[in-house]
Amino acid sequence: MFYLRTCILFLFLFLFPFCVFAEDGSQLWLRFPNVKNGISTDKIISKGKNPTLDIAKKELTTYWQGQAVELRTEKSLKNLKDGYTIISGLDKIIISSAKETGLLYGVYHILRLQQTQSDLTHLNITEKPSYDVRILNHWDNLDGSIERGYAGHSLWKWEDLPGTISPRYEAYARANASIGINAVVLNNVNASPNMLKNEYLIKVKALADIFRPYGIKVYLSVNFSSPKVIGGLENSDPLNKKVQEWWKQKTNEIYKIIPDFGGFLVKANSEGQPGPQDYGRTHADGANMMADVLKPHGGIVMWRAFVYSASPEDRAKQAYLEFLPLDGKFRDNVIIQIKNGPIDFQPREPFNPLFGALKKTSEMVEFQITQEYLGFSNHLVFLGPLFKETLDSDTYAYGKGSTVSKVTDGTLRPAKLTAISAVANIGDETNWTGNHFAQANWYAFGRLAWNHQLGSDQIAGEWIKMTFTDDKNFVNPVKEMMLSSRETAVDYMMPLGLHHIFAFDHHYGPEPWGNIPGGRPDWMPVYYHKADENGLGFNRTQTGSNAVAQYFPPLNETYGNIETCPENLILWFHHVPWKYTMKDGKSLWDELCYTYDKGVKNVREYQKTWDRMEPYVDAERFHHVQSRLKIQSKDAVWWKDACLLYFQTYSKMPIPYDIERPV
Ligand code: GCW
């Protein structure tokens, strides 16, 4: 007995401090290491009581160390939507918004300023979100697995809900609210019809109730065959009255349970999922059927444009070909959700030509935060620059300056509702995202959804200071590493516009040789790089698939001409001779070799940089990142060697002498 007590005492004395102080990444960017407590309640001036305001006040009394704060609801600010103003008064800071959610966002804003050691005097800030709906798409299945998830199992414990509520649900909502994310699709786009069963809707309600005070609405992915599969109907034909009635009743049931339910996300007739085309109907028929039943409740349909089939047509062209003829045929509460590029979340793609092409239909971008094609949670790849690249791409749809952001945010054409989405990288691992640095991609998406004008540099800087330290000896080198990391990944995986040469199905390592006889050609890497004795790359010019024609002038010309095509996309649009002279005078082959090599070298530099950061980081996070970089470094060599040795069988040219020999 005595022995047991001594052991317990020992454990308490020696391990307890570690439990309390161990850095495990669970707090994300919401850390306040030097704050013991915030301001007292009498320093918060606010009228009214409301659960959202209560959260705002709690954040202030726990973490805010500055002046008194007044939280003012002002109906006159309703054109700012979820936005707010922050003004320094004589002895207080005044945060005003038309909505309580806006006040909460304002509170997170000043906390961010405090965390990043920004100047808190003379504040005069007006913020208005770039998009109305800023939404995360979870690809979480009802059995707890996550499609393309690399951070453990699903956060949603369906078995335990609604009886048991994990504290992580609220922590998740808080993290999202702190960066302005206000919507979430809980389940995979490859949706189980069971999601719509009453037993699950009750569980969804439990989550919606937790998220609501944080300003977050819940949406669901729905399976188009639900009426047939769970409703027992003969078919799910959108023109069948019984099917329409089924959706109406189901939608009414949902709104009875969750009155502020957001709407549906639909993947239809894509990669084997059911859809309206199964009955000879169009995407518009399917989307409108759902839009009509959601409309009286204020709900929306996000209908995905990620469609392609095993046809002789270039996969990059298919979404455009299918959706363009339907322009103007969708209800005004339908938004077409379009992946940033025309293929599939590759390390680099040109923007999807559907952006700007649909003139009478609302469009929204779908990004992928989870790193399906970027080394899972092993590789350090900061996605801010990738997101920005798409948002800042000029579509020329309404003349020069018609960026993807402006065609989707309501600037260039009025939209009833604007939205932006991304596939989440969140799971139930303690640090939420698998790799500590992958938290930055969740953060970056939220910040850009709020304000697409922000630069990657600012976003990375904020995140580093909030997540690690504001010591410039840490911030500067780590920021540099983050900002170059996406280009580095492109370099060691798929430089110069190469794409989809991943190992089949899991998409982790290289498999440029992948070609299963009799398999679907568009699922084979050889389909995408088209290496032969003459050269490398996919001819998408007029002499090839003519995908360039889907871009507005002058882009069709720019991309279509090998001389003017940006070199970082040259192999996307052209089949380039091995000896073709690149802008720096090197042959294509040499350029390829040096670029792969550069990617490898950069990762090694990241390793050295990180090793120097040991004094500034807690041991847990230091070693975690260090070990992941080791994997990334090995993988980069694997990519370089696999791709160069394989492509060399076609180029038959020597690997330059000053490049590390493949082993
Ligand atoms: O990128 C591909 C993925 C699939 C995914 C699909 C989609 C959810 O490999 O896993 O399915 O895209 O976006 O629908």
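A residue is called buried here if 20 or more other C-beta atoms lie within 10 Å of its own, exposed if 12 or fewer do, and partly exposed in between, with C-beta atoms placed from the backbone. By this criterion Ala 619 is exposed, because 10 other C-beta atoms lie within 10 Å. The model is a predicted one, in which local features need pLDDT of at least 70 and side-chain atom pairs count only at pLDDT 80 or more, while totals for chains, interfaces and linings use all residues. Residues are numbered from 1 along each chain as its sequence is written.

Ala 619 belongs to helix 19 (residues 619-651); helices (H or I, at least four residues) and strands (E, at least two) are DSSP runs numbered from the N terminus. Between the C-alpha atoms of Ala 619 and Lys 608, 11 residues apart along the chain, the separation is 17 Å. For residues 433-658, UniProt gives the feature "domain: Glycosyl hydrolase family 67 C-terminal" in an unreviewed entry. UniProt positions follow the numbering used here, feature names are shortened, and annotations may be inferred rather than shown by experiment. Over residues 433-658 the chain is 53% helix and 2% strand, and 38 Å separates the end C-alpha atoms.

The domain assignment, whose bounds come from an automatic or database source, divides the protein into domain 1 (31-127), domain 2 (133-454) and domain 3 (493-538 + 575-651). A distance of 46 Å lies between the C-alpha centres of domain 1 and domain 3.

Together with helix 2 (residues 51-63), strand 1 and strand 2 form a left-handed β-α-β unit. A crossover is right-handed if, with the strands pointing away from the viewer, the path from the first strand over the helix to the second runs clockwise. Strand 2 is also joined to strand 4 (residues 92-97) by 6 bridges, and the two run parallel; Thr 73 has Ser 97 of strand 4 as its bridge partner.

Strand 10 (residues 300-304) pairs with strand 11 in the parallel sense over 4 bridges, and Trp 303 is opposite Ile 336. Strand 10, helix 9 (residues 315-323) and strand 11 make up a right-handed β-α-β unit. Strand 11 and strand 12 are likewise parallel, over 5 bridges, with Ile 336 opposite Glu 363 in strand 12.

The ligand has around it Trp 139, Glu 147, Arg 148, Val 189, Asn 190, Lys 267, Glu 271, Phe 306, Asp 344, Phe 345 and Glu 372, a residue being near if its C-beta atom, placed from the backbone, lies within 6 Å. This shell contains 4 nonpolar, 1 polar and 6 charged residues, where Ala, Val, Leu, Ile, Met, Phe, Trp, Tyr, Cys and Pro count as nonpolar, Asp, Glu, Lys and Arg as charged, and the others, Gly among them, as polar. The unreviewed UniProt entry annotates Glu 271, Asp 344 and Glu 372 as "active site". Glu 271 sits in the loop between strand 9 (263-266) and helix 8 (283-294), and counts as exposed because it has 11 C-beta neighbours inside 10 Å. Asp 344, in the loop between strand 11 (334-339) and strand 12 (362-368), is partly exposed, with 19 other C-beta atoms within 10 Å.

Technical notes: Pairing = 2+ DSSP bridges.
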